[in-house]
Amino acid sequence: MEDGPQTVSGRPTRQFVPASSAASPEVWRWRGELKRALPALWLFAAARLTGVAMVTAWSLHLGRHPRNVLGLEWDGGWYWHIARYGYGTIVAAKSGHGVIYNDLAFFPLFPGLIHGLNAVLPIGPVNAALVISWIAAAVAAWGVYAVGELLHGRRVGLALAALWALLPHAVVLTMAYTESLMTAFAAWALYAALTHRWLTAGTLAALAGLCRPNGFTVAAAVIAAAAAHLWQRRRDGRHTVPRAWAAMLLAPVGWLGYVAWVGLRTHDLTGYFRVQSLWGSRFDFGHYTAHMFKHLIVGHDTLVVYLSGGIVLGCVLLFVLGVLDRQPLPLLVYSGILLVIALGDAHFFTSRPRLLLPAFPLLLPFALSLARAQRRTVVVLLIGLAGFSLFYGTYLLTVSHEAL
């Protein structure tokens, strides 16, 4: 068993059974973990399956195939094409302005899993993508609950999973998108880092880095956690932990590996960033974001744009509260870098809430308050959030034409 802590940020954690004290201790431990998480998983499943049902009903009303709405809209179509034909598609945008769509912008793990599942179980790439996304969303919800429970107890874990399931853009978790897959790896990597299971944390961070461009945030969190742990051991005069060093080396391998591969393919060391720039996505230190907020104040725009701005501001506030609450370092590093990326990217403004979906630690201050509230308050609040999330998610997919 890897080196495990007795406390997380000064709080006691559960003791785990040593491998020598019982038969198959890991199996029994994970059964216990799953049993405790079941209420959160049922709540998550109920919320998201209701969302799928609403999208299905409204899609049929509009004469559209629900599976295509969930599996082929926006980035989903690109993942389907990569899974079926591989990389190599370059398309000039109809709007011009020098925008060129190159499928090298999409990281390989999700389309690779789609291709693999469809080869083993020939159900079609779209169905395979949705199966993977839905399973990953359930695993992610379990990880979100586990982090909340580890830090603050079961009630907070349940509240955290519920809030994540009811975010305005949570409909994306049941689409052929990579947010659910990345969050699954991220949540369990953070859990492993908090419990000092360094090899597990590094491996999961490497896999998260193969999911999305912002997947390197998981590696940054694991590296920060391992570095802090090693520094503390050095101050205490204790021996170093080789597995922590190994995690620091392993964590960024996935993200760096794909960026390097794109560089080799394009014969340009900065090839991946050039591909992203031609999509219109580049880091401008928040200039475009500031322009959009000024536009929302002095001009007018659609409902989705205004809500996107409100969600981004809410995330900034929640991050400040997390800092004041002294959240563990890996959580602050992870959510903080995700927030910086979302604020600093010069791309579709309405995609910002989706980019922040994996930043579940931002919800911890809200979850703590919810866990302390009276049951009547909790029920009313969750019903209100569910109503908004489900109807807004259906609107995003079936009515709105804003980029998701």
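The protein splits into three domains: domain 1 covers residues 32-176, domain 2 covers 201-278 and domain 3 covers 280-372. The model is a predicted one, with a mean pLDDT of 91 for the protein. Residues at 70 or more make up 93% of the protein.

Turning to how domain 2 and domain 3 sit together, their C-alpha centres are 23 Å apart. On the domain 2 side 13 residues take part in the contact, and on the domain 3 side eleven residues do. Interface size is often quoted as the accessible area that is lost when the parts come together. For domain 2 and domain 3, the buried area comes to about 980 Å², with carbon and sulfur atoms accounting for 67% of it.

What about polar links across this boundary? The salt-bridge count between domain 2 and domain 3 is zero. Polar contacts do turn up, though: five residue pairs across the interface qualify, with both partners at pLDDT 80 or more. On the side of domain 2 that touches domain 3, helix H9 (216-235) and helix H12 (271-279) each put in at least two residues. Helix H9 has the largest share of that side, with eight residues. Sorted by type, the residues on the side of domain 2 facing domain 3 come out as eight nonpolar, four polar and one charged.

Salt bridges are found in the structure as a whole, where the tally is seven. One of them joins the side chains of Glu149 and Arg36, with an N to O distance of 3.1 Å. This pair ties together distant parts of the chain, as Glu149 belongs to helix H5 (residues 125-152) and Arg36 to helix H1 (residues 25-61), and the two are 113 residues apart.

Technical notes. Residues numbered from 1 in each chain as written. Heavy atoms only, no water. pLDDT = per-residue confidence, 0-100. Domains from an automatic or database assignment. Contact = heavy atoms within 4.5 Å. Buried area = accessible area lost by both parts, 1.4 Å probe. Salt bridge = Lys/Arg side-chain N within 4 Å of Asp/Glu carboxyl O. Polar contact = N/O pair within 3.5 Å; in protein donor to acceptor, adjacent residues only side chain to side chain. Helix = DSSP H or I, 4+ residues; strand = E, 2+ residues; numbered from the N terminus. Nonpolar A, V, L, I, M, F, W, Y, C, P; charged D, E, K, R; others polar.
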